[in-house]
Amino acid sequence: MNEQYTTAAPLLQINDLCKRYPNMGNYMSVFHMNLTIPRGRIIGLLGPNGCGKTTLIKMINGLLAPTSGAVYINGLFPGAESKRVISYLPERTYLENGMKVRQMIDYFADFYEDFSKEKAYSMLESLGISPEARLKTLSKGTKEKVQLILVMSRNAELYILDEPIAGVDPAARDYILRTIITNYNPNSTIILSTHLISDIESVLDDVIFMKNGSLMLYTSVDAIRSQQNKSVDAYFREVYAC
Amino acid sequence: MAWELNSDRPIYAQILEKLQVRIVCGVYPPGGWLPSVRELAAEASVNPNTMQRAFSELERSGLVITQRNMGRVVTQDTQMIEAVKRQMAVTQTKSFFANMRQLGFSDSEIISLVNSYTSDTKHASYAVVSNEE
């Protein structure tokens, strides 16, 4: 189905990307980023608050226009084709409060041809969420779980998860991380931004450190551990010490 | 449950050691099949690529053999397994002595402590059970 896109072009390429918001003077939220992301990786996008993670993610998803530079997904600009291959979890929920979970699943299945209802229902069951519940009756954390289930039930090439585990309890966090591991396939990549580094560290292949809108470091977790003799979490605390 | 991993060393190296322990103590017997990378990655809560890397190291050392398209088996070479076991015992002994010397014990004091510890039957049985660090 996607053969035409799986050419030599990398899954995600970012060339000299900059973003300056209006009314922010000369401040660049993303400053000359260059990045090439291959398939088959699980990557943590890390950095302190306000370092440009979400701005970067929004530009990859075509929700913000770059000030300069470009984003390519499978060699193409963000657009309808890239939305077909990217499954995106935004940092805030956009689900319709009056709808039932079951209706949301139908909605997603209508919208995305790669959506697996089967996967969605099995995850709902594991997390003990009723498909008949209306979203407005669910707690904040449960809503986040539903949204993550919807995003992970797609069979996408690139998953971009903006703060996927921040609001959920530790047991559900473990389940979600296990879901990410068991759904792993060598043809797709997961990028997730988070502050809960120690929770996800063992699940990651690589980490991207951002600082003031720039790429600071893009390396593997085990490279940090063997070179610094400390965890990514400890290294982060050192690099970004206030 | 996720495997207990230290934060200061590469994850693949720690996984490699845990798999070696399982082979040495017969959880995965000589000639027996190993679970798939994916299965073990889920069990350990680690990235499948990391588990794959640990498996590759095991293959390179000869402890594990890949059967094309079928999976992986533990070597039937029990001498090799025994050698790995010896090697691990040496490592453990070294670190035990290093820790005890740090506490200020001389080697002869350490040995007498070990002897009195193992002669106490209650502790001796405990020592056998808890061979995990």
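I began with a loop: A:Asn74 sits between β4 (68-73) and α2 (80-85) of chain A. A:Asn74 has a positive phi of about 50°, although the residue is not a glycine. Most residues other than glycine have a negative phi. Is A:Asn74 buried or exposed? I found 21 C-beta neighbours inside 10 Å, so A:Asn74 counts as buried, the cut-off being 20 or more.

Next I looked up A:His32. Here too the residue is not a glycine, and phi is positive at about 45°. A:His32 belongs to strand β2 (residues 30-37) of chain A. With 14 C-beta neighbours inside 10 Å, A:His32 counts as partly exposed.

Then I turned to helix α4 of chain A, residues 117-126. Which residues of this helix are buried? I noted A:Ala120, A:Met123 and A:Leu124. Looking down the axis of α4(A), I saw that the buried residues fall within an arc of 105°, so they line one face of the helix. An α-helix has 3.6 residues a turn, so residues three or four places apart point the same way. On the other side of α4(A) I found A:Glu118 and A:Glu125, both exposed. What covers the buried residues of α4(A)? The cover includes α3 (101-111), α5 (140-152) and α6 of chain A. Just after α4(A) comes A:Gly128, with a positive phi of about 65°.

Where pLDDT is low, the predicted coordinates should not be read in detail.

Now the core. The largest nonpolar core has 82 residues, and those with the most contacts inside it are A:Leu158, A:Ile160 and B:Ile15.

I went on to where the chains meet. How many residues of chain A are in contact with chain B? I found 19 residues of chain A in contact with 15 residues of chain B. On the chain A side, the elements giving two or more residues are α6 (170-182), α8 (221-228) and α9 (232-239). By class, this side has eight nonpolar, five polar and six charged residues.

My last stop was chain B. I saw six helices and two strands, which run along the sequence as α-α-α-β-β-α-α-α. Of the 133 residues in chain B, 22% are buried. Among its contacts between residues at least 6 apart in sequence, 54% join residues at least 24 apart.

Chain B is divided into domain 1 (11-76) and domain 2 (79-129). Over C-alpha atoms, the centres of these two domains of chain B are 27 Å apart. Seven residues of domain 1 of chain B are in contact with five residues of domain 2 of chain B. The domain 1 side of that contact has four nonpolar, three polar and no charged residues.

Methods. Residues numbered from 1 in each chain as written. Chains lettered and ligands numbered in written order. Predicted model: local features only at pLDDT ≥ 70, side-chain atom pairs only at ≥ 80, totals over all residues. Domains from an automatic or database assignment. Contact = placed C-beta atoms within 7 Å. Nonpolar A, V, L, I, M, F, W, Y, C, P; charged D, E, K, R; others polar. Helix = DSSP H or I, 4+ residues; strand = E, 2+ residues; numbered from the N terminus. Core = buried A, V, L, I, M, F, W, Y, C linked by C-beta atoms within 7 Å. Buried ≥ 20, exposed ≤ 12 C-beta atoms within 10 Å, placed from the backbone. Arc of directions from axis to C-beta.
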